[in-house]
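I opened this notebook to keep track of what I looked up in one structure. The entries go from the whole chain to single residues.

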Amino acid sequence: MGTTLNANLREITPAMAAEFMLANTNNRCVNVRLVKRYAADIKAGVWKINGESIIFSEDGTLLDGQHRLLAVIEADAPITSLVVGGVPRSAGDTINIGKSKRVSDHLAIMGYQNASRRQSVTRLLYAWEEGRPLGNA
C-alpha cells in the first residue's frame with residue numbers, strides 16, 4: 001500500500017493547539033458558533049473522546065480538527081484526542097464529508113420510536129410557543 005500512518009492519544013494543550021493551527025493552510029472557513037459550542041463543552045467538563053481524530057498529512061498539513069483546536073484555545077483548557085499523521089494529502093477531500101445528524105437521528109439513536117414525527121411535532125410546538133406562524137393549514 002505504501003502509506004504509513006501514525007496515531008497517538010494525546011493531551012492537546014492550548015499552546016499545542018496554537019502550534020497545530022500553524023499547519024492549517026488549506027481548510028474550510030471557520031464556523032465561529034461551532035468553536036464557541038465546543039469551547040463551552042470543554043469549559044463545562046463535558047467534552048468527550050469519541051474517536052474523531054486530528055489529522056495531519058504526510059507533509060504536516062492539518063487536514064481535520066481546526067474547530068476542535070480553536071475550541072481548546074478559546075476554552076484555554078486541554079482535551080485528550082487521537083492525533084493521526086501521515087495521511088496522504090490527496091485524501092483531504094474525503095475527510096469529514098459525511099451527513100450531519102439531525103435531531104431525529106439523535107432521537108432514533110436514543111431509542112425513541114417515530115423519531116421523525118417527534119422532531120416535527122417538537123418543531124411545531126416550539127414555533128407555536130415562540131409565536132411564529134405554523135405554516136399553511
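**Ground rules.** I noted that this is a predicted model, in which local features need pLDDT of at least 70 and side-chain atom pairs count only at pLDDT 80 or more, while totals for chains, interfaces and linings use all residues. Residues are numbered from 1 along each chain as its sequence is written, and side-chain values use heavy atoms, with hydrogens and water left out.

**The whole chain.** I looked up the secondary structure, where helices (H or I, at least four residues) and strands (E, at least two) are DSSP runs numbered from the N terminus, and found five helices and four strands. Along the sequence they follow the pattern β-α-α-β-β-α-β-α-α. The radius of gyration, taken over C-alpha atoms, is 19 Å, well over the 14 Å that the globule rule gives for 137 residues, so the chain is more spread out than a compact globule. That rule is 2.2 Å times the number of residues to the power 0.38. I also noted that the C-alpha atoms fill a box of roughly 60 × 35 × 30 Å along the principal axes.

I then asked how much of the chain counts as buried. With buried meaning under 20% relative accessible area, exposed over 50% and partly exposed in between (1.4 Å probe, protein chains only), the share of buried residues is 32% of the 137. Taking a contact as heavy atoms within 4.5 Å, I found that residues 24 or more positions apart account for 76% of the contacts with a separation of 6 or more.

**Helix 2.** Which residues of helix 2 are buried? They are L34, V35, Y38, A39 and I42. These cover an arc (that of the directions from the helix axis to the C-beta atoms) of only 135°, which puts them on the same side of helix 2. Their cover includes helix 3 (66-75) and strand 4 (79-87), whereas R33, R37, K43 and A44 are exposed on the other side.

At the ends of helix 2, I noted that N31 caps the N-terminal end, with a side-chain oxygen 3.2 Å from the backbone nitrogen of R33, and that G45, just after the helix, takes a positive phi of about 75°.

**S57 and E58.** S57 lies in strand 2 (residues 53-57), while E58 is found in the loop between strand 2 and strand 3 (62-64). Leaving aside neighbours within four places in sequence, S57 is in contact with L63, G86, V87 and R89, and E58 touches G86, V87, P88 and R89.

How far apart are E58 and V87 in space? Their C-alpha atoms are 5.5 Å apart, although 29 residues separate them in sequence. The side chain of E58 also reaches the backbone nitrogen of R89 at 3.2 Å.

Most residues other than glycine have a negative phi. I therefore set down two residues that are not glycine and have a positive phi of about 55°, one being D76, which counts as exposed at 61% relative accessibility, and another being N114. D76 lies in the loop between helix 3 and strand 4, and N114 in the loop between helix 4 (103-109) and helix 5 (115-129).

**Helix 5.** I ended with helix 5, which has 15 residues and reaches 21 Å from its first C-alpha to its last, close to the 21 Å expected at 1.5 Å a residue. Its buried residues are A115, Q119 and A127. Seen down the axis of helix 5, the buried residues fall within an arc of 110°, so they line one face of the helix. On the other side, R117, L125, W128 and E129 are exposed. After helix 5 comes G131, whose phi is positive, near 75°.

Technical notes: A polar contact is a pair of N or O atoms within 3.5 Å; within protein, one must be able to donate a hydrogen and the other to accept it, and residues adjacent in sequence count only if both atoms are side-chain atoms. The expected span of a helix is 1.5 Å times one less than its number of residues.
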